[in-house]
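Biologist: I have the file open. Can you walk me through some of the local geometry?

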Amino acid sequence: MFRKLCHSLIQASGVGVLALTISGCAIVSVGSVSSEDYLSARRGDVLTTGKLSASARTALQVVGIDEARCNSNILACRKALIASAGLGDEQRLSALSELWLQEALQYEEMQKLEPVNDTLKAATLSAYLESARHAYAYLFYTDRTPDLRAMEDRQAQVRDYYNFSTQQAVVGLFNRYRNQLEKSVSQEKTYLLDFSPWKVSGSTAGLSLSHKGQLPNELVAASALTFKGLRNQYRRDGLGAELVAVFASSVVKQEDENKPWSETPFPSVTVMLRFPGNSIESVLAGNQVELQGFDPHKNVSVDVRGIRVPLAANFTSGYGLWLARSGFAQESLLSLIGRSETLDKPRIYLMQPFDPNRRVILMLHGLASSPEAWVNVANEVLGDEELRQNFQIWQVYYPTNLPLPFNNREIRDAVDATLKNFDPQGSRRASRDMVLIGHSMGGVLARLMVSDSGDQLWESVLDRYSISRQREQRLRQKIEPYVIFKAMPQPTRAIFIAAPHRGTPYAENRFARFVSGLIRLPATVLSRVTEIGQLLVNSDNASDEPLVGAINSIKNLSDQDPFVQESAKLPISNKVKFHSIMGNDTPKLTLEDSSDGVVPYASAKLKGAASELVVDSWHSVQETPEAIVEVRRILREHLDSLQ
């Protein structure tokens, strides 16, 4: 009838209204969309736009309900989807997962107005669990396995519903039942949370959230974190909630004075929720939830119902949160002038739980600095799949006011103690073929750690001072730990970045001398320096003679300093390949006369280096993209040489 009417109108219409008449009577019209609108229409959903996806709206249309009606009565909407015979399992389950997620997000908004409403909080948690459960059923209990849907946008959306809902549910359950969970951890037993109507179970051993027999202070969703100062954030797509377990409010507070190491207090973890059952019906009818945690550095995939799927991971958030909450910036300056209350000796920070099968990269920062100096270097290594699978990063945090000989000894002892704790026999891969990376003063220390002193430094002391035979033996007992040493056996490669191996005239300028005058050594170090100084004076009546002038790290870095002059002559172990990276901030000068503004090229250059790279940069050359690319190249070369 409508078509006959349109036909009559067209015959009766004049030419002037013909086009309008035809368009008004068309059953189907056509238009065009921009690429942005195209992608938004295909991929937009309740997580990205706050509105239901096109797939969910299509499922609602099949059962005769539009989005507005569904929003006004979500319960009736869900019942209609469940009852409809016109929907397949995939379409039904994916739509239900999205609707439950939408409801949970709406509850979240309501909680902002009623933050103490426990009933509302419980309803939110339950909605997230339902969303995760329906997504889980879609992914693993429908006829098609995930690999057959690998190219489909809808599966990626549903995976995101599962991951986000799992994240929100786990963090919410942790906050709600933390006291009960901590009791289970302390007793090392399986826990059961009775969150009616749900029963959430899991093992503290499998959860991977315990640290020294305790639960973390908090769980933080990695997706909720953004960082300034980090160029990139590295993660791996897959299944599971990406979280950071926070075990410490401050990094610089030493947890145990008797040991010089700390495993990361901000480990990255991935958590999954499993819903037991043999069919879609049994999964949806049950009330059991199994919570399982993983170390994403060690686990790259997970088995679900015989299907191997990638495990989601975030490799940057734990590291970034560690640095953001560290207090390093202030503490490193206080340490330089001897005012730190927490840092009086080197400490080794493991960037991930110890792995005996990954080789160690040991990073040493420079003067008045901290592990923050390596922020992008370490992050880029963590973000490189090949390097991450083969290396683990240890950061040395040491008091930069100490003289070089003292830090050399203390850092060696700290590394040895750490290795002996985790690998007492020294037989695992982690104890072999270590890579040292040192910047500035850290590079000088790294060179000392791979050098053999023989009696060279000791004899230079005897040549410099007129020591009586009576005092010589006593002096050797006091000074031997600092001037007689062998190359550490673990490192077989070293990267020296902007390292003043022969000292720098910068340490002699007015500002450097001013800062040097502010430096105070720890009492224990000062007493040892004083004892040595008393033995070095050329008199039997030491108490009446002036002591040797003040000694500290800045004086050690001067190109006039006897120790740095002599140590530059020490041979590097022939089993160590070493590389140099330097900055050049004086482009108008020849390379031989150039400098990075602090360290001359002539001081940083080492004969026999396997490679040398000069970057247009000031002294903080380790942060440049060129230097980071070079570090990654050298690390790959190291791996290739070990095969």
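Modeller: Start with a pair of strands: β9 (residues 301–304) and β10 run antiparallel and are joined by 4 bridges. Keep in mind that this is a predicted model.

Biologist: Which residue of β10 is the bridge partner of D303?

Modeller: R308 is the bridge partner of D303.

Biologist: And how many residues sit between β9 and β10?

Modeller: The two strands form a hairpin with 2 residues between them. In the turn, R305 has a positive phi of about 55°.

Biologist: Which residues of β10 are on the covered face, and which on the uncovered one?

Modeller: In β10, which spans residues 307–310, I307 and V309 are on the covered face. R308 and P310 make up the uncovered face, and R308 is also the residue that bridges to D303.

Biologist: Switching to the sheet with β6 in it. What is the strand order?

Modeller: The order is β6-β12-β14-β13-β15-β16-β17-β18, in an open sheet of 8 strands with mixed pairing. The edge strands are β6 (261–263) and β18 (611–615), each of which pairs on one side only. From one strand to the next, the twist averages 20°.

Biologist: Parallel or antiparallel for β6 and β12?

Modeller: Parallel, over 3 bridges, with β12 covering residues 347–350.

Biologist: Now helices. How do α7 and α8 cross?

Modeller: Their axes come within 8 Å and cross at roughly 160°. That angle is over 145 degrees, so α7 is roughly antiparallel to α8. The crossing of α7 and α8 is left-handed.

Biologist: What kinds of residues make the contact of α7 with α8?

Modeller: The contact divides into 15 nonpolar, 6 polar and 4 charged residues.

Biologist: I was also looking at S94. Where is it, and is it buried or exposed?

Modeller: S94 lies in helix α7, residues 89–113. Its relative accessibility is 3%, and because the cut-off for buried is under 20%, S94 counts as buried.

Biologist: What is S94 in contact with, leaving aside its neighbours within four places in sequence?

Modeller: With that exclusion, S94 is in contact with Y138, R154, V158 and Y161.

Biologist: How far is V283 from A137, in sequence and in space?

Modeller: They are 146 residues apart in sequence, and their C-alpha atoms are 7.0 Å apart. A137 is also among the residues in contact with V283 once neighbours within four places in sequence are left aside.

Biologist: Last topic, α14 and α25. At what angle do their axes cross?

Modeller: Roughly 45°, with the axes of α14 (residues 375–382) and α25 (residues 625–642) coming within 10 Å. The two helices are therefore oblique to each other. Their crossing is right-handed.

Biologist: Which residues make the contact?

Modeller: From α14, N376, V377, E380 and V381. From α25, I628, V631, R632 and L635. The residues of this contact divide into 5 nonpolar, 1 polar and 2 charged.

Key
Residues numbered from 1 in each chain as written. Predicted model: local features only at pLDDT ≥ 70, side-chain atom pairs only at ≥ 80, totals over all residues. Heavy atoms only, no water. Pairing = 2+ DSSP bridges. Axes fitted to C-alpha atoms, helices over the stretch in contact; angles between N-to-C directions. Parallel < 35°, antiparallel > 145°, perpendicular 65-115°, else oblique. Left-handed = near helix turned anticlockwise from the far one by under 90°. Contact = heavy atoms within 4.5 Å. Nonpolar A, V, L, I, M, F, W, Y, C, P; charged D, E, K, R; others polar. Buried < 20%, exposed > 50% of the residue type's maximum accessible area, 1.4 Å probe, protein only.
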